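Dear colleague,

I am passing on the structure we spoke about, and my notes follow it. Please read them alongside the coordinates.

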Amino acid sequence: MAGKQEAGKSVNQEAWLLENGNIKLLSRENRRASSGRTAHSMSSSSLRKKSDLALVSKIRVGFLRMFLANLQEVLLGTKLAILFLAIPLAIVAKYCHFGNPWVFGLSLLGLTPLAERISFLTEQLAFYTGPTVGGLLNATCGNATELIIAILALTQHKIDVVKYSLLGSILSNLLLVLGTSLLCGGIANISQEQKFDRKQADVNSLLLMVGLLCHVLPLLFRFAGKSPELTAVGTLQLSRASCIVMLVAYIAYLVFQLWTHRQLFEAQEGEENGDVASDDEKPVISFWGGFIWLVLMTGVVALLSEYVVATIEDASDSWGLSVSFISVILLPIVGNAAEHAGAIIFAFKNKLDISLGVALGSATQIAMFVVPLCVIVSWIIGIKMDLDFNLLETGSLAMSILITALTLQDGTSHYLKGLILLLSYVVIGACFFVFRAPLSNGDSMELGFMPTNDQGMMSV
């Protein structure tokens, strides 16, 4: 009897210590809750590799050993480490005047591993901050590359580049990433039915439809107006009001995702062969080390993004590609290559919930957070950017969202669904490949993104 009481007391004491953070978490579920692992972080983890710290551990100086260990984990802990060489090459190409197309291409390559490393660093910080703050970090840094490129393009009054690049990010996530994932997953698992949880997909689809409504109304408002000047002012005011509504909806989405219905967004971990997370998962760098590296990585992303924005028009002329095609197709593909590859890898393993979380989550974050934030920032700095993306762009966005929603409505998948999404992306890519239009700047926005033809008529 006394033994049972002691055992019960020991269990209660251990539970109390676990609750108060004095014993390391033991179970996989507790580890997952503490790190706030989402589909984004788990997708990026598929491209990481374990660093061998045997040589570094022999260094006796503590500070130097810690610095070299962090350096090795951050720079060599990814399968994309070879692409880090593009960063110094881009800087050399910039200051040695090798040509702007070279600067543009090398900067794009350099951004690829940086996007994956930012995801890694936010996940490391989440081990120390807990799931809520970790989720907020992921919600704000998950598409840091697109946000930084958009803000820098705004400061240079390249409104069209901002709109095209953000539109391309949404389209690539909905059609290219999701389509390739469903296609590859369907072929690799052709003998079994693929199923996924519709709850998360339904939430993201609803938010995307709200974002689409906020894009369609300014477009319709422009065609419904009688006076071009008054219509431009009304379109701008409607866009800013819509952006505030979109940000409120995104905040509600974060509350829904991180607090009230967190279980819907927790990615399912593999039980066999440590597909996603191992039983000894723990942070590999300290909190302040991760914070400093995150600031440095963000600074490098800002530098390369500035190069990309400054040289995109020269690269367009040199390569014979329109700025719209480069912004809509090339920028999103290269900037999110690591995240996209992770989604496809998990689709091969029949883990469609993770692939859907990556594709739909990124599209929702761009549509409901990055786009309205750019409009608000442009409002603050005195640039007239609205949500009127013109007829061709808004139509492409609308059809992409509708096709994706119809594809995911029954909770099952096969390779034909993925092929349809992928072919839709090819058609849209071909459209922007042949579409060439003069870029507008901040000054031409006095009439609200409405270029005119030779007869003075408003053109679409």
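This is a predicted model: local features need pLDDT of at least 70, side-chain atom pairs count only at pLDDT 80 or more; totals for chains, interfaces and linings use all residues.

Residues are numbered from 1 along each chain as its sequence is written, and side-chain values use heavy atoms, with hydrogens and water left out.

The secondary structure comprises 17 helices and 2 strands, these being DSSP runs numbered from the N terminus (H or I of at least four residues for helices, E of at least two for strands). Of the 460 residues, 52% count as buried, where buried means under 20% relative accessible area, exposed over 50%, and partly exposed in between.

On the surface, Ile187, Ile190, Tyr415, Leu416, Leu419, Ile420, Leu423 and Val426 form a nonpolar patch with about 740 Å² of accessible area together. Such a patch is made of residues with over 30% relative accessible area and no salt bridge, nonpolar side chains (Val, Leu, Ile, Met, Phe, Trp, Tyr) being joined within 5 Å and like charges within 9 Å; a salt bridge is a side-chain nitrogen of Lys or Arg within 4 Å of a carboxyl oxygen of Asp or Glu. Helix 17 (residues 415-434) gives the most to the patch, with 6 residues, whereas Ile190 lies in the loop between helix 9 (159-188) and strand 1 (194-195) and counts as exposed because its relative accessibility is 62%.

As for aromatic rings, the count comes to 9 pairs, given that rings of Phe, Tyr and Trp (its six-membered ring) pair if their centres lie within 6.5 Å, with planes under 30 degrees apart counting as stacked, over 60 as edge-to-face and the rest as tilted. One of these joins Tyr128 and Phe287, whose centres are 6.1 Å apart and whose planes stand at 75°, so the pair is edge-to-face. Because Tyr128 lies in helix 6 (residues 100-129) and Phe287 in helix 12 (residues 287-319), this pair ties together parts that are 159 residues apart in sequence. Tyr128, Phe287, Trp288 and Phe291 form one aromatic cluster.

With kind regards

Technical notes: Accessible areas come from the Shrake-Rupley method with a 1.4 Å probe; for residues, only the protein chains shown count as cover. Buried means under 20% relative accessible area, exposed over 50%, partly exposed in between (1.4 Å probe, protein chains only).
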